[in-house]
Amino acid sequence: MRDRLKIMPLLASLAALGIIATTIIGLPSTAPGLSAQMNANAETIGIKNVVTAVLLDFRGYDTLLEISVLMLATVAVLSLRVPPSESRRRLTGESGLLLGSLTRLLAPFMIVIAGFLVWVGSSGPGGAFQAGAVLGAGGILLALAGYDRPAWVRQSLIRVALTIGLLAFIAIALLPILNGGTLLEYPDSARKTLLLLLEGLLTLSIGASLASLFLASASRGQDGGGR
Amino acid sequence: MTVWLPILLPTLIAIVTFVLGEARSHARNAVNLIGAAVSATIVVWLAYGAYGGDVVASTIPLLSGIDFGVHADLTGMLFSTVASVLWFVTLIYAIGYMDHARDRARFFGFFALCIAAANGVALASDPISLFLFYEILTLTTYPLVVHSGTAEARAAGRKYLIYALTGGTALLIGVAWLTVLAGQTPFTPGGALAGVTGQTTALRAIFALMVAGFGVKAALMPLHGWLPGAMVAPAPVSSLLHAVAVVKAGVFGIIRLVNELYGPEFATSLGAAQVLSALAAISIIVASVIALRQDDLKKRLAYSTIAQLSYITLGVALCSPLAAAGALAHLAHHAFMKITMFFTAGSLAETVHVKKLSQMGGVARRMPITMTSFAVAAFALAGIPPLAGFASKWMLGAGAVESGSTWALIVYVAAGALAMGYMVPILFASLRKGDLDATGGLESDPRMLWPIVFVAVVSIVMGLAAGVPGSPAHWAMSAVLPSFGGVMP
Amino acid sequence: MSTYLIYSLGGAVIFAIGLYALLARRHLVHKVIGANLMGSGTFLVLIGLGNRAPGGTPDPVPQAMVLTGIVVTVALTALGLAITKRYFSATGLDDLDTDPREGDHP
Amino acid sequence: MTLVDHLPALLIIAPLAGAAITFVTERSVDRIVAVLTSIIITLFSGMLLYRVASGGAFRYEIGGWGAPIGIDLVADGPAALFLLLTAVVGTAVTIYATAYFPKDCGTSYGHGLFWTLWLFMWTSLNALFLTGDVFNVYVCLELIGISAVALVTLKGDADALRAGARYLFASMLAAMTYLLGVALLYSSTGQLDMEMLRATLTPDSGAATGLALMVAALVLKTALVPAHFWLPTAHASAPTPVSAALSALVVKASYFAILRLMLSVMPPGFIPGAGTLLGILGSMAIIWGSLQAMRQTRIKQWVAYSTVAQIGYLFIVFPLADSGADVLAAALGGVLLHALSHGLAKTALFLGAGSLMDRFGHNEIARMTGAARTLPVLTATVALAGVTMMGLPPSGGFGSKWQLVSASIGAGQWWWALVLGLGGLLAAAYMFRVLAVLLSDTPTEVRPTHAPVRLEWLPLALAVAALFFVFAAPFVDSLAGISTIMLHAGVTP
């Protein structure tokens, strides 16, 4: 069904483009923003990758809400899925030769990469989200290749995996309040270990969330799917 | 604190009545009667205090920089006493009238709430508090107008709301505008707007808005349209609310507006009082003429009420002490006279199922006491001495002459003749022979009869005792004097 | 025409294209794609304008905002696609303009 | 730092923890956790309100970094009031939901995930009322948007999905526009904290465009006419407790952000004509929403369009903002009073309407005759809530109408007073149209209900609270004074 050109939306987007472009052009060509203060403070807490410092420490509250957004989306998609009884058809039949063997090769490699990304996050580009994305992709790949969930991975365990990151974040955020600090005020001594522990658990949760975001709505469907 | 009781006590009674529900009618009747008696005594006690000169007042902070207050001054207590006493009487009548009706708990509950709001209007110490209770009165009367739930009742309710809420909005904007100009102006005899200099156009507009707001309930033509329609409500509602509480609240608002907010001299200087008096005069004449042609008894009484209310409005608008006192006295006198007639109309409808004059043949023989009471009230209304109506009309007439506008005297005299014109045919209609069904016994249910007789007798007593302190006439005189510099010209 | 202008103006264009798609296209998935385009455009504007620090190192705050924005866009897209799929399986429709059927139930 | 100092943080963490717990635990435990969480939050909100009322507004620096680096939470008068409103309405909705959603609802109602979604929404509402950082407002808006859409589509039928989809695309459009606004604002001022922004805003910078985009996005989220298209279907097809929360709280959250941006961040007249435009749109909302409400035949659509109309009142403060401090104080007190009393009354109205639908078995207003006799409590609820909608005394609606009328006359812009007066009349028109049906005497049979009594008395309690809310006006006005808005107004002449 070809969509014909609609005038009003066209005008709206052109107007938006005009306003935004003129504003951007009007901005001064050099603007330090907050980079100076951010770099200085990142030195004091000893995290070389300033973006990770901003994400997890200075504006850690944003990240806390961000994790909540991701988990909320997962819960929302879970609430929208058709009851499992109707969608018992598995995603695909037995996997073809190429997909099966490729998955067997890639899966362990992706887990190692995810671990590396978590570790390098404090100094170079990387961190919980990037690692979580890789882990999630691995999970989806396994499901597409027809590897079913092992028996011991029950529904309740998946829910725990999904929330472990958020619960850890809440616990670590509340910790400083008990001994005199404010929310999310990491004690200098344990900052590094706390952040690493937090990033690890966040990675697990983000991976689980991204995988279930895909699998929850993909595992049923009228026409596609298995033979 | 006691000054709040006339408002809180009836509200409490209403809540208890709602909670008691439909089944326990005896308990409910007891609660209402005792409660009404207690609140009537409190009101009379406060009135006695006011007569003695100590005006009890109390305020609580309400909106940004505005206090919500009540005070028991003479003017207010007269209206509140009339409303409370007649509430007690009407309760007895209503118990008889609604003997086999449905939804009585809802009826008596909202009945009590209306009286609470009416007392609030009477006691309010400044225009904002008055407006508050005035709007609550609109809300609490609506369920009573649509009580029967029939299509006709709901249509009358809708019409009532359109008039009342539009008027309410005009009043809101007027009062808010006045508050912005002059701050919170509590009612003070002789006027409270001394502080406002200039702004004459704004003050005229505010006066017009407030007259529009009060005029709806005061049935000032052309804002009277809802009153005839509201007659579809049960008789106790028509008698207490549409002859005493609701319509008098409107007129009472105009009395406060002219005597104690703008002040008689200032209102006359603005030219506003003259316009108001013209409007009132037109209403008197037109309403009386329409009343002549009404065959339905309650509709005829409704148009008579519209005319009589404008007696009061005209009296106030003449801005002379005697006329203002006459107006306030007429507020009380008319209440007792008209309630007798509405009681009678209700009793006729309930006992012999007669609603129209054409069907009233033989009623006098069947219900002699009721009809004699009606006759007494009718003659009183027409101004026959020595009955109540004559006393207040004489003061109004004298006030008209004293204020120099003799045309008002002519209007009053003409209206008196017209009143005879629409009252006497009712009496003749009842004296005609008619084929009433002779099944029922003589007279109506005693619970309906004795209240009729009581209010008729009071109409006579008020006329005779016009000069005695404590009678409405004397009470009105002493209430109004401070607004005119405390001296009889 | 310094480099930051190229990227930020490019971002603005992408935002406008996405806005048109979200408003004009009838198919729900096209609308979701449009929303993603708007997101990418905004991120490009953010990063472009974040690159004006005198010392040459880009300002970290816009980068943090973009990371958060990406996660939020992922969440919105996932929910959008889930609703689209569920609406398709419930009514066989893939756009909001045609009314599934008349009548209504509580 | 005693417990009271940590209240802003606890008010956000408590519902967030509650949401995470309810997701992990079994369904039967969920409702207990939810009720417990709502009681704790109500307690915290009360304590915060007392602290702000007695000790004045205060900032909470998350992570101890302070404004430009970290994110600050601002607990001032309006925030504390909205938090308490959210707590009261939230607790009422939670209690109502324990009776509305069956214990073992199996796969219906989104597989019993209502509680988790509801507590996530509560988290985001509290977070938005408290945040002092414009980018953080963005994340909160998304949390609200997603949880609201998920709750709207909870029933899973075609109407709910349609309404949810339309709501989601409106949210997406608003989200992206808002973020672009933040991008332009940050690029021109280099600040994200509202107080810092106020200090560095210069009229000629690109910030005006950024802020204009942000306000436009928030106007879309608040469903101000003409951007209200998504609200009626969404609020009407959601389950009853969700509809109440959406109408009473969610639209007010994005409105609160507008209040912060327009009055606290931007000096008066920063975007020329913005205040007047919002006032005009608000007036259109009042009139258009009321006219539409008069035409509705189904009770939940009727209540939803009443929300569209009532939202208009909140925008009358903006054209009055730059007419001196005392006019602003009266107008701000007025809109806060309106937001609070409308929140209570609208919750009562939606819960009452939901119970009426449950008892009558359909949602056609015309066939709900004789309700006054058979369902007196529900009829009373609708009637009393209606009094607030109409702005008649002694309701909070009257208090706000009075203060807004006085403020507009005081500011010499008397036309807003006419709009408010007309709005009250139109509200009376659509209110009494339904009340007349409920009061009519043709009896219709009513389904017996197993539902516990709280489904009827809870809405009545809220309606009565709204009915006497005018007496809370002095308290609300004093708290309106303790706000960053008045702080700046005090500064400018």
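**Chain D in its setting**

Among the 4 pairs of chains in contact, chains A and D share the most contacts, two residues being in contact if their C-beta atoms, placed from the backbone, lie within 7 Å. This is a predicted model, in which local features need pLDDT of at least 70 and side-chain atom pairs count only at pLDDT 80 or more, whereas totals for chains, interfaces and linings use all residues. Residues are numbered from 1 along each chain as its sequence is written, while chains are lettered from A and ligands numbered from 1 in the order in which they are written.

Turning to chain C, 28 residues of chain D are in contact with 29 residues of chain C. On the chain D side, helix H6 (134-152) and helix H7 (158-189) each supply at least two residues, with helices (H or I, at least four residues) and strands (E, at least two) taken as DSSP runs numbered from the N terminus. H7(D) gives the most to this side, with 18 residues. By class, the side of chain D that touches chain C has 18 nonpolar, 5 polar and 5 charged residues; here Ala, Val, Leu, Ile, Met, Phe, Trp, Tyr, Cys and Pro count as nonpolar, Asp, Glu, Lys and Arg as charged, and the others, Gly among them, as polar.

Within chain D, the assignment, which is automatic or from a database, gives domain 1 (1-171 + 225-248) and domain 2 (312-493). The centres of these two domains of chain D, taken over C-alpha atoms, are separated by 22 Å, and their contact takes 22 residues from domain 1 and 21 residues from domain 2. Helix H2 (27-55), helix H3 (77-100) and helix H11 (240-265) of chain D are the elements that give two or more residues to the domain 1 side, and H3(D) gives the most, with 11 residues. That side divides into 16 nonpolar, 5 polar and 1 charged.

Strand S1 (residues 58-61) and strand S2 (residues 72-75) of chain D pair in the antiparallel sense over 4 bridges, pairing requiring at least two bridges found by DSSP. Phe58(D) stands opposite Ala75(D) in S2(D). From S2(D), Asp72(D) and Val74(D) point one way and Leu73(D) and Ala75(D) the other way, and all are buried, that is, 20 or more other C-beta atoms lie within 10 Å of their own, with C-beta atoms placed from the backbone. Helix H18 (residues 415-439) of chain D is largely enclosed by the rest of the structure, because 19 of its 25 residues are buried.

Note on methods. The expected span of a helix is 1.5 Å times one less than its number of residues. A residue is buried if 20 or more other C-beta atoms lie within 10 Å of its own, exposed if 12 or fewer, and partly exposed in between; C-beta atoms are placed from the backbone.
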